[in-house]
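Here is a chain to explore together.

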Amino acid sequence: MGSQRTFSPEIVMRGLFQFSSPRSPPAPQGAMWQMEEDDGFILVPRPGREQVEDPEQVPQYLPDIDDIIHGLEPSLWPLNTFIHYNPELGYKEHKAHDALTKFMESQAGWVVTRSAFGMETAWLAVYDSGRPGPTVSFNAEMGQNHPDALPGLGHACGHNLIAVASLAAGLASAKILRRHRLGGKVTIVGTPAEEGGGGKIKCLDAGAYRDVDVSIISHPGILNNSPMVRTTAFTHLNVAYHGRAAHAARSPWRGINALDAMVVAYNAISVLRQQTRPDDIIGLQITNGGNKPNVIHEHAGGVAVLRATSASRLRELQYRVEACFRAGAEATGATVDIEVVPGYLDHVPNSVLAAAFTKYWKALPGVPDPPLPLPGQFTWVKASTDQGNLSYALPSMNVSFAIPPGVNGGQPHSPDFEKASSTRGAFDRAMRVGKAMAGTAVDICATPGLLDQVREQWKRDMARQDGAPAV
Ligand SMILES: [Zn+2]
Ligand SMILES: [Zn+2]
């Protein structure tokens, strides 16, 4: 379908778009179900929808994408609801895995691998156009957040919406490639355990993105609509001090107090906090405070969780915090073991991908608040995702989208957000995101030179990040 002038009648009758023409001025704002005739079609605006005033602004493939995803909604809505009401923990997303792979196996042209990449609940679905071109990959999350956060909380991070948004985008992209004889491949990766389990890192290590040019995902919240999301990098340090036990009254001088070492380090880090950057976060816990008060403590230990705006900044922060831990050992004579548990890298957004997403998002009727960031601006989300690790391996887009909030305006990981992410309104937003993500993928395949621009931007961004991961 070459231009918006050849819209299929079904699309026009659904009234998502209305075109003005010299013969017929645009309908006044708020006109309800007003009909107008244009090029032989009866145009019926959907009530309450914003109308596209300039048909030239409608991206070429958007009407098709919109139509395809509208057709998928009756099967994606029950899938969304099934995942939401069957929450499963990281790496145990068996019901979601089975439901999603079964659905993908029913889609013509897709090759599905269950239990992919050495994980029972990871999966891969591939559509190959048979013609050379870019490979665009969508990640589908499935797991709920860990019950440590709040027992029995269920799908309070909205990962059901992430799954169906990516399915919608992947399926629509593939259909457009087929319909318009475009070259390229589309893959959908079922990625387990985003909530601290690092499923995408395991997928990455197992080669899931080896031949992939761009990775795309989304995440719901209530604050932002943005394709330019930066997240924090984080890492854990497990610290163990080893001293020498002694009787605290009879011969304390014979001992080496491991708890003292931990306390010195705790205080040193508290002092360090005065000179960290505003976005540096150091969380500290003493997990082993010794044995009994009448002994010199042989063992003590703690955990530090460090967050920073970038992997390179995290590296600097980690260096200084480790120095504080060593200072505790130096001051007391204890020995120290510092175990670094890799967390997630920050997500580095790609402005070329964001521009494509923005074009589609704005061309869809009824643009919701809040508005997308202006070109060149990014949205800072103080949370971490394993999509960050992918953004250091290949160009990535991690779209943040706002769903209608619950009655208490709860953020992700709250009971309020759990309810909010189950609603039809939230699903509709996820479908809108799916359409703009599909548009981005199709543009990459259909626009000569666009993938090169994406790669060049990624190389510039990586150079600014100062290279290699910190953890
Ligand atoms: Zn979460
Ligand atoms: Zn999440």
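What share of the contacts in the chain with a separation of 6 or more comes from residues 24 or more positions apart? In this predicted model, such residues account for 78% of those contacts. The chain has 471 residues, and 48% of them are buried. Its secondary structure comes to twelve helices and 16 strands.

Let us turn to one sheet. Six strands make up this open sheet, with mixed pairing and the order S3-S4-S6-S5-S7-S16. Strand S3 (110-113) and strand S16 (396-402) each have a single partner strand, so these two stand at the edges and one side of each lacks a neighbour in the sheet. On average, and ignoring direction, neighbouring strands here are turned by 20° against each other.

Now for one of the pairings. Strand S4 (residues 123-128) and strand S6 (residues 185-191) run antiparallel and are joined by six bridges.

Helix H11, in turn, lies across S5, S6, S7 and S16. The table sets out both helices with their angles.

| Helix | Residues | Strands involved | Angle |
|---|---|---|---|
| H11 | residues 424-446 | S5, S6, S7, S16 | about 165° to S7 |

Notes: Residues are numbered from 1 along each chain as its sequence is written. Chains are lettered from A and ligands numbered from 1 in the order in which they are written. This is a predicted model: local features need pLDDT of at least 70, side-chain atom pairs count only at pLDDT 80 or more; totals for chains, interfaces and linings use all residues. Two strands pair if DSSP finds at least two bridges between them. Helices (H or I, at least four residues) and strands (E, at least two) are DSSP runs, numbered from the N terminus. Axes are lines fitted to C-alpha atoms, for helices over the stretch in contact, and angles run from 0 to 180 degrees between N-to-C directions. Two residues are in contact if their C-beta atoms, placed from the backbone, lie within 7 Å. A residue is buried if 20 or more other C-beta atoms lie within 10 Å of its own, exposed if 12 or fewer, and partly exposed in between; C-beta atoms are placed from the backbone.
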